[in-house]
Structure formats: structure tokens, C-alpha cells
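Subject: A structure for you to look at

Hello,

I am handing over the structure we talked about, and I hope you enjoy looking through it. Please open it first, and then read on for what was found.

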Amino acid sequence: MNTIKNLLLILFVSISASSMLVSCSKASYKKTKGGMPYQLYKGKDTQRIKTGDYIKIQFTQKIKDSVYFTTVGGLPQYQQITEQQNPYDISELWTSLRIGDSVIATQLIDTFMKRNPQNFPPQFKKGDKIMTYVKVLAIFKTDSAARADYENGNKEWLAGEIKTIEKMLADKKVTAQKTPSGAFVETITPGTGNPIDSGKYVSVKYTGTSWSGVKFDSNIDSAFGHMEPLSFVVGTPVGSPGAMAKGFDEGVKAMRLGAKAKVYIPSMLAYGGSPQSPLIKPYENLTFEIEVIDVKDKMPAPAAPAKGQQPVSIDVPQPQK
């Protein structure tokens, strides 16, 4: 990449240096055409990466011996290999690697500063060094094959998280209802009326806590700066505007008007490896305490402005789900 910022955007894979190199053969020490020093630890497979392939990779990146990004303890990442190669960048190496190969690449911040001194990210300082550890786990010829492997990996990871939650609930003798996808709802107060169905417009109070015991969001705690109820349409598909995390949404569907419950959510039904809060660790299971304070058949239509008045736009802070 031309800048460190762009470099970091491409590096979304992980493995610790020690575990990556255990089964590798003797390393060779070379430089890419762009001048990037690297060490290659060859695997035993003969299948080489080609342009157009999709690769499954693990990755750790360190800056000044501190981990800057890693997916250690999480899921590998996938990306397609294109013809574009950038000097002094890991992209120079892709088509020379095979399944099982590991690479340790070294990049000096001073070199980036010399090559592109403008718009340089301020968090990087002269004399810093970036160490990148990559291992090629698999190669796929089609997007569908890579996607199938990705989805299978997600299912296996979620299954493991569900077992962890089930064991925790059993150890604490907590009775909880399992939702279709694998969240767990411990009813504190049953509430009244029918269970909440998709399409209903609900308003809730909530507090979210990570499994490391950190409260990361709440609309009943003034410390988080938003005390208004959280209102949304239940069953809105994940990724659509106004959608909640799947585990949160399914937890509310298991409740009734006036109900209070604790909802135990696997990370894969919440934020997975990309938490929206620095208070949540990647792949950390979450607990939400939820109270349903209102249920309507559908979302109310916005009030029309009185004749002669102009609509007013108000930015309402949205809590993290």
C-alpha cells in the first residue's frame, strides 16, 4: 500500500508468531521487489496461490512489539487475490505462497515516511517497526466455495459458544429458554399478554454487560448519556436500518409486555470479532437485562408538522446493541 493506513486495511487475519511457526520448515530470508524484508517458512503443500483465488489466512500484526491487530482466539479471514501489487507490502508475496506457508514481514515506518511523507497517520512514529505474521490455511477457486467454508466456520464457532453458555447456566442452576438461533432468555418477570411477534414495535429499557463483567451500554444509567427508551421493529433483518443484533432481537421476541429478563447472547449473535464498543472484547459473549415497557402493533407514523411550520430534524443518539 502507499500508506500505513491503507496497509492496515488489508491486514485482517491472525495467528500468534509462536503457534504459526511450530510446524514450519527452515525459514528463508529475502526481500520483495519493493524492498520489504520477509522470512518464509514453507509448508508441505504444493498448491500455489493464483490471481483470482480466494484465500483463508490467519494473521497477527505487531508495532513496537505490541499487538496492533490479531484474530488469535477468533476466526480466520478471507480475501480474493487480485493482480494489484503494491511495493513494500504483503501483496507482493501472495502469488508466491502455497497452502501451509507462513510469512513474517518487516516494514519500517521510516521507509513509509520517505516514500509518502504526506497524510501520514499520526499514531506511527519515526523508528517504529511493523511485524506482520501470516499463515495461508486454504485456497478456494470460487467465491461460493470460500463463502461455504466461512459459513461452516461461523456455525462451528457459534455451536461452541452455545455450549459455553449452556454450561454456565447449568453450573449456576439458571433456567433459561433457548431462542431459535441460540440466545438464552432467563425470565425475571413474566409480563402479560401475548409473546411479541415480528413486526411489533417495542420500547425497552436495557443494560448490556460483557462476560468479563464490564457494563458497556445502558439506557437506564445516565453515565452512558441516553436515557430514552430504545424502540424498534422486532424481526427487522440484520443489516437493515433499525435492526438489532440477532440475539437481542430474538430475546425480546421471547418476552411479553412488562416482562423483565436476562438474555445471554453468544458473540456470533451479537458483534462477533468486530465489537462496536472498546469495552467489549472480540468474540465475547454478552448479557442484556431487558424490560419491555411498550408494545404496539406497528411503528407509529411520524407526526406531520402543523400548517405553516417547517419540519424539525433532531439527531437522537442511538444506543449500541
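Below is a short tour, from the chain as a whole down to single residues.

**The chain as a whole**

Please keep in mind that this is a predicted model. The chain has 5 helices and 14 strands. Of its 321 residues, 42% are buried. If you take the contacts between residues at least 6 apart in sequence, 71% of them join residues at least 24 apart.

How confident is the prediction? The mean pLDDT of the chain is 87, with 85% of the residues at 70 or more. Two stretches call for caution. Residues 1-25 have a pLDDT below 50, although this stretch has 75 contacts in the model beyond near neighbours in sequence. Residues 313-321 are also below 50, and that stretch has 20 contacts beyond near neighbours in sequence.

**Helix H4**

Which residues of H4 are buried? They are Ala146, Asn154, Leu158, Glu161, Ile162, Ile165, Met168 and Leu169. The buried residues of this helix pack against several strands, among them S3 (54-63), S7 (129-140) and S13 (260-265). Strands S5 (77-80), S8 (177-178) and S9 (184-189) are also packing partners of the buried residues of H4. Just after the helix, lysine 173 takes a positive phi of about 55°.

**The aromatic cluster**

Next, have a look at the aromatic rings. The structure holds 11 aromatic pairs. One of them joins phenylalanine 232 and phenylalanine 248, with 6.0 Å centre to centre and 55° between the planes, which is a tilted arrangement. Phenylalanine 232 belongs to strand S12 (residues 230-233) and phenylalanine 248 to helix H5 (residues 246-253), so this pair ties together parts that are 16 residues apart in sequence. Phenylalanine 232 counts as buried because its relative accessibility is 3%, and phenylalanine 248 is buried with a relative accessible area of 0%.

Phenylalanine 248 also pairs with phenylalanine 288: the ring centres are 5.0 Å apart and the planes are at 85°, so the pair is edge-to-face. Since phenylalanine 248 is in helix H5 and phenylalanine 288 is in strand S14 (residues 286-296), the pair ties together parts that are 40 residues apart in sequence. Phenylalanine 288 is buried as well, at 1% relative accessibility.

Which residues form the aromatic cluster? Tyr206, Phe216, Phe232, Phe248 and Phe288 form one cluster together.

Glutamate 250 is buried yet has no salt bridge. The nearest side chain of opposite charge belongs to lysine 246, 4.7 Å away; a salt bridge would need the charged atoms within 4 Å. Leaving aside residues up to four places away in sequence, glutamate 250 touches Thr179, Pro180, Ser181 and Gly182.

**The loop between S3 and S4**

Most residues other than glycine have a negative phi. With that in mind, have a look at lysine 64, whose phi is near 55°, a positive value. Lysine 64 sits in the loop between S3 and strand S4 (66-70). Is lysine 64 buried or exposed? Lysine 64 is exposed, with a relative accessible area of 54%.

Aspartate 65 is found in the loop between S3 and S4 too. Phi of aspartate 65 is near 70°, again a positive value in a residue other than glycine. At 69% relative accessibility, aspartate 65 counts as exposed.

**One last stop: methionine 113**

Methionine 113 lies in helix H3 (residues 109-115). At 26% relative accessibility, methionine 113 is partly exposed. How far apart in space are methionine 113 and lysine 125? Their C-alpha atoms are 9.3 Å apart, while the two residues are 12 apart in sequence.

That is the end of the tour. Do write back with any questions.

Best wishes

Notes:
Residues are numbered from 1 along each chain as its sequence is written. This is a predicted model: local features need pLDDT of at least 70, side-chain atom pairs count only at pLDDT 80 or more; totals for chains, interfaces and linings use all residues. Side-chain values use heavy atoms; hydrogens and water are left out. Buried means under 20% relative accessible area, exposed over 50%, partly exposed in between (1.4 Å probe, protein chains only). Helices (H or I, at least four residues) and strands (E, at least two) are DSSP runs, numbered from the N terminus. Contact means heavy atoms within 4.5 Å. pLDDT is the predictor's confidence in each residue, from 0 to 100. Rings of Phe, Tyr and Trp (its six-membered ring) pair if their centres lie within 6.5 Å; planes under 30 degrees apart count as stacked, over 60 as edge-to-face and the rest as tilted. Lys and Arg count as positive and Asp and Glu as negative; His and the chain ends are not counted.
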